[in-house]
Amino acid sequence: MDELPLQKIAISGPTLASLIQRISSSSGDVDGLLLGHVTNNPSSNLSDDDPSPSSPSSSASTALIATITSFISSSSTSTFYDFTGRVDALSLRRLLPSSSLLLIGWFSARRKTPLRPSLREFSVTSSLSTKSQFSFPVQNSLTSINFSPRLFLLFTTPFSDQIIHTHEYRAYQFRVSSNSFEPKSIDIVNIGPAFRGHYGSFCPNSPFPALACEMRGSPMAEDKDEGSLNYTSRVAKDQRELDMCAEGFEIGSLSRLMGSEAANYTAGLEDLYEKMLAKLESLARLVEKSSAKVLEQESHNMKLRYKAAGLD
Amino acid sequence: MAADTVPPLIAAQLNYLLTHSPLSIKVDQMWSGGKNHNFLDRFTLLIPFCLDYIRWDVIYNAQYPLAAPDIIFGPDDENFHPFHVAGEGEGDAKSPKNSLSDWNNKDPSRLLSLIHELREHYMSYQRKRVGEVDDDRLKFEVSTIISREGIEMCMNSGVEKSEEVKFAVPLMDLDINKMVLGCPWRHQQKIHLQVIFPVGRKYLSVPPAPRLKLVSSSELKALFSIEDVKLPPWLDGMCMAGYLPNLEETLEEQVVEAVSFIDVRRRFIEALAPLFGRPVEADPIFCRKATFLAASGVFTFLVHFFLPTQFPKQQPALMLQSSQHFSTQGIPIKSSQMADYPWSPRWELSQMAERVFEFLADESLIFKKYCNESQLQQH
């Protein structure tokens, strides 16, 4: 695993906002996992002079930027590590939703404490950085560099009670060679004039579903199992998945957006949008109901915990 | 709003730590980490180390009562990683046990063992830092002194960001607590010598002398005042191994003498009894204070004797307190402390008592007048 330093850490505005909201709405300490990717963003060295032959070209090509795109947190702390700070790979695997999202680090939030890593946070980050089964390749890099999850984001609040809500945070990269935390600057990516530069490293969060796609060889070759039941059911399943993604946007109906029929097609489009909005609304209702259920379960758990602590 | 309570399991552990630790650990402040500020589950501990305190924040979670606490160390100790095992790979099923493994929150002694273990690690961490200092004189000093039992050392940053190394050297093998009959001290009293060496600048031919200071707890003042001790001078080219034996010898003599003075004070108080009657109040262990009830005609008053550690070389301070005159707040009127009446340390104790008695006989009349005048002024 390479020990290259990160140039900076980028996080999108909405992600940071929802992270802070998650932290401030919880009644206790929170921790969780950070997902995202690391890209190599070489800065262009445009100059009129000929570059001297002795200047190393590799220095321009290793400007690593880690981008945090989303996070996972459960309602309790220490879900993937124990009290000594050792990370349990199995519970970590269970928490990660799918293999497409990469684990790049973790975060911890604790109210009214100093803004520096604690004993356990150090052990957890160190243990996490040694978990090579979670390491991932750096995108857009000339050489293949593998990065294990080693980002740590710390959130605290100031010690004295404030009338204004204040959240302090700091991001660190853990350096295995020196066993230390190196603070890194955080870039908050918001849509605006400065957003252009990040467009290149932007990555969508809902990728195309993974469909088994085999390259057909020469059209002359006979596929032996083309007629078998397995094959046809697999093709039908893939087709269904594709249809679900493309619902409402069938090629046939899209072709009507152009040409002479376009003016008559607005009603069809409005219909499409209405259907989409209805879907969103029912989705939002579902989320609301399930959130209420989760909250109920959490307060029940909290009551039980208080009872165990002798606090009631 | 309900009063802030400490969750019982956390309170049990903290109380156990404060009452059972041989170190005098203090709690600086307690606060709540929850949103609703109801349970105090975080606190700052002041842990004595190297004649100073280290501040560590202990973070519990009131909502996870079975969870072990987390510790945040001081801002200068970023490289202090006590439980970290270097080179821990993927097959880390067997990492060494420490106080945090198998944590049981219901066991009140766990916090104490955790703090003590961390303090031991901190001591070795500081020792390692001192060992890395690039100064030949310091390396020599450390090598000669390191085998001394109970020594502590740490890195300090002095004025103008210069580095210093501080040593806390416990002096004398004496068990002072045992030497005092009926000693009330909870902790073992020890006198330490604080030695601070500046980290050497290579261009100086003669390394500068260290700063020396004697340190003891304030409880020892009842027996012996370290301010009275004159430290022998540090000569050029001296080292700690050569300086300490001389100092320890003189200090031991002075401590033994101070213990013998307890008896002298006791006998003086006993010598006062035939003249003043039995004391109303007296300190039986160190014999530093005694109070007697006296009367001059109908004027009844209390006499307070304050006996210094250097008695009889230094005379006692006397203070009179009226039992019949009170200030507007209801406090009895007292005289100032008098310590310049006729005195000679060469007198016999009984003679000292007589001379004090004579002095007070005259002084009480003056005091009575003073009390009467104060009362008149109030009306």
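1. Starting with the second largest pocket: β1 (26-31), β2, β3, α2, β5 (152-157) and β6 of chain B each put at least two residues into its lining. β3(B) gives the most, with six residues. A pocket here is an open set of points on a 1 Å grid over the protein atoms alone, where a 1.4 Å probe fits, with protein on both sides within 12 Å along at least five of seven lines; lining residues have an atom within 4 Å of a point. Helices (H or I, at least four residues) and strands (E, at least two) are DSSP runs, numbered from the N terminus.

2. A word on what you're looking at: this is a predicted model, where local features need pLDDT of at least 70, side-chain atom pairs count only at pLDDT 80 or more, and totals for chains, interfaces and linings use all residues. Residues are numbered from 1 along each chain as its sequence is written, chains are lettered from A and ligands numbered from 1 in the order in which they are written, and side-chain values use heavy atoms, with hydrogens and water left out.

3. On confidence, chain B averages a pLDDT (the predictor's confidence in each residue, from 0 to 100) of 85, and 93% of the residues score at least 70. Watch residues 87-94 of chain B, though, where pLDDT is below 50. The model scores ipTM 0.76 and pTM 0.77.

4. Back to that second largest pocket: B:I54, B:G74, B:D76, B:D77 and B:Y122 lie nearest its centre, out of 32 lining residues.

5. The largest pocket is also lined by 32 residues, with B:L23, B:L51, B:Q188, B:K190 and B:H192 nearest its centre. Here α2(B) gives the most, with four residues.

6. Helix α5 of chain B (residues 240-276) has 37 residues, so at 1.5 Å a residue it should span 54 Å, and its end C-alpha atoms are 52 Å apart, which agrees. The expected span is 1.5 Å times one less than the number of residues.

7. Most residues other than glycine have a negative phi, and most peptide bonds are trans. B:D102 has phi near 50° and is exposed (over 50% relative accessible area, 1.4 Å probe, protein chains only), at 55%. B:C287 has a positive phi of about 55°, but is buried (under 20%), at 3%.

8. Finally, the peptide bond from B:F311 to B:P312 is cis, with omega near 5°. B:P312 sits in the loop between β11 (299-306) and β12 (317-326) of chain B.

Terms used: Contact means heavy atoms within 4.5 Å.
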